[in-house]
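Work through the exercises below with the sequence and structure at hand. Each task is followed by a worked solution.

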Amino acid sequence: MQTETWKKKLIRYAHTGKGSELPWKSKPGPQKLVLGHKIFLRKTMNPSFEWLEKIKGDIRYDELLSRFTSIRIGGPADIMIYPKDIEDLQTIFKYKSTLPHLVLGEGSNLLVSDSGFRGLVVCLKNGFKTIHTPRFYKDSEGKDKALLKVEAGVKMSYLAKTAARYSLSGIQKLVGIPGSLGGALVMNAGAEGAEIGQFIKSVTRVTETGNIQTLTRDQLQFDYRKTQFPPGGGIIVSAELELEKGDSQSIFDDITSFLGKRSNKQPLSLPNSGSVFKNPPGDTAGRLIESLGLKGFTVGDASISIKHANFIVNKGSASAKDVIQIIDHVQKTVLEKHGIELETEIVRVDI
Ligand SMILES: Cc1cc2nc3c(=O)[nH]c(=O)nc-3n(C[C@H](O)[C@H](O)[C@H](O)COP(=O)(O)OP(=O)(O)OC[C@H]3O[C@@H](n4cnc5c(N)ncnc54)[C@H](O)[C@@H]3O)c2cc1C
């Protein structure tokens with residue numbers, strides 16, 4: 001039996017070809033004699049990670065990111081923090097200095113390198129899950145509306161169903177998107193002719209300087225599968241949604257119908273990361289790929305889905321490298337045959 005520590009060392013070695021040491025640790029230089037003492041000089045200072053003790057949430061080392069991505073691909077992350085609250089996020093930005101960081105929502109739009117992520121992953125899977133009680137009001141035209149404050153780690157399916165319980169309409173169109181509100185906001189995720197951006201009144205984030213900043217709708221630009229935020233970066237912690245009052249039963253009927261349509265059209269029984277390519281203007285990536293007979297095209301354990309040509313599925317132990325080879329092949333073939341450059345929708349991490 002291997003101990004946990006040894007298992008982690010072996011996993012890291014398998015993915016990175018390196019031992020268990022953290023990659024930013026500098027190696028000691030040659031031995032020198034200073035005032036009669038033998039010392040080793042390091043070329044650079046090691047950053048101190050003592051600040052991690054200030055974090056209230058969980059911290060893990062060498063977690064395999066394949067456990068956190070919907071396509072089940074991705075090597076180890078050096079450090080993963082599950083922040084407990086906003087203060088933890090502020091601590092991260094106060095001390096992490098130049099250490100690269102990645103925010104992980106539900107991992108449903110990510111393709112992470114087989115060698116993983118050299119830096120700090122901030123994982124919101126276990127936190128930021130509150131949906132506050134809606135504030136109902138009448139707008140200037142007398143329509144019944146409500147403001148709903150939701151934290152960034154809430155899953156879109158739970159958000160849509162909770163809104164339906166309050167008879168709040170609109171957001172049910174996004175019920176089948178398997179991500180968190182934070183991820184949906186970054187991607188301006190959409191379905192059934194609606195996008196998350198159209199419901200947003202404000203977004204609150206912790207910026208990279210550790211400030212809590214609330215951005216109003218007019219400070220954001222919602223483009224196709226991408227929201228443009230003002231400079232400041234950081235991590236989205238919550239948003240305020242503006243929804244209309246509707247009929248609860250018909251909202252729940254919509255939810256059943258949207259989920260049914262999805263399971264008919266999408267390969268939901270195999271790991272995948274949703275639509276790989278953005279739709280070009282006036283066409284769909286799926287139609288273009290299918291028209292070239294590429295359904296079923298396979299590299300290693302990754303395949304273009306037979307059910308939906310814009311999905312790549314992991315049939316077992318596919319690697320990020322396999323997926324990238326398929327992406328390159330599709331882009332090249334579509335450009336050659338249709339003269340269209342397909343842009344990827346999935347977010348590549350360290351590839
Ligand atoms: C089966 C399937 C179906 C899908 N269908 C759709 C669909 O119909 N429409 C659609 O638009 N998408 C769809 N997707 C893609 C995906 O679900 C969405 O893009 C989703 O919004 C991503 O959310 P996430 O929480 O999983 O984000 P992640 O994949 O974890 O991250 C996506 C990006 O957002 C950043 N991020 C995440 N949370 C935060 C935060 N709190 N603060 C700052 N940055 C953050 C990440 O760093 C990354 O850059 C589908 C995916 C799958 C697997």
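**Exercise 1.** What pLDDT does the protein average, and what percentage of the residues score at least 70?

*Solution.* The model is predicted. Its average pLDDT is 91, and 86% of the residues reach at least 70.

**Exercise 2.** Determine the strand order of the open sheet of four strands and identify its edges.

*Solution.* Step 1: reading across the sheet gives β18-β21-β20-β19, with antiparallel pairing. Step 2: β18 (272–275) and β19 (298–299) each pair on one side only, which makes them the edge strands. Step 3: take the pairing of β18 with β21 (residues 311–314), which is antiparallel and runs over two bridges. In this pairing, Asn272 is opposite Val313 of β21.

**Exercise 3.** Which strands does helix α7 lie across, and at what angle does it run to β20?

*Solution.* Helix α7, residues 320–338, lies across β19, β20 (302–304) and β21. Its angle to β20 is about 30°.

**Exercise 4.** Find the residues of the largest nonpolar core that touch the most other members, then list the contacts of Ala184 beyond four places in sequence.

*Solution.* Step 1: the core has 76 residues. Those touching the most other members are Leu111, Val122, Cys123, Leu174, Leu181, Ala184 and Val323. Step 2: with neighbours within four places in sequence set aside, Ala184 contacts Met156, Leu174, Ile177, Gly179, Ala189 and Ile196.

Terms used. Residues are numbered from 1 along each chain as its sequence is written. This is a predicted model: local features need pLDDT of at least 70, side-chain atom pairs count only at pLDDT 80 or more; totals for chains, interfaces and linings use all residues. Two strands pair if DSSP finds at least two bridges between them. Two residues are in contact if their C-beta atoms, placed from the backbone, lie within 7 Å. Axes are lines fitted to C-alpha atoms, for helices over the stretch in contact, and angles run from 0 to 180 degrees between N-to-C directions. pLDDT is the predictor's confidence in each residue, from 0 to 100. A nonpolar core is a set of buried Ala, Val, Leu, Ile, Met, Phe, Trp, Tyr and Cys residues joined through C-beta atoms within 7 Å. A residue is buried if 20 or more other C-beta atoms lie within 10 Å of its own, exposed if 12 or fewer, and partly exposed in between; C-beta atoms are placed from the backbone.
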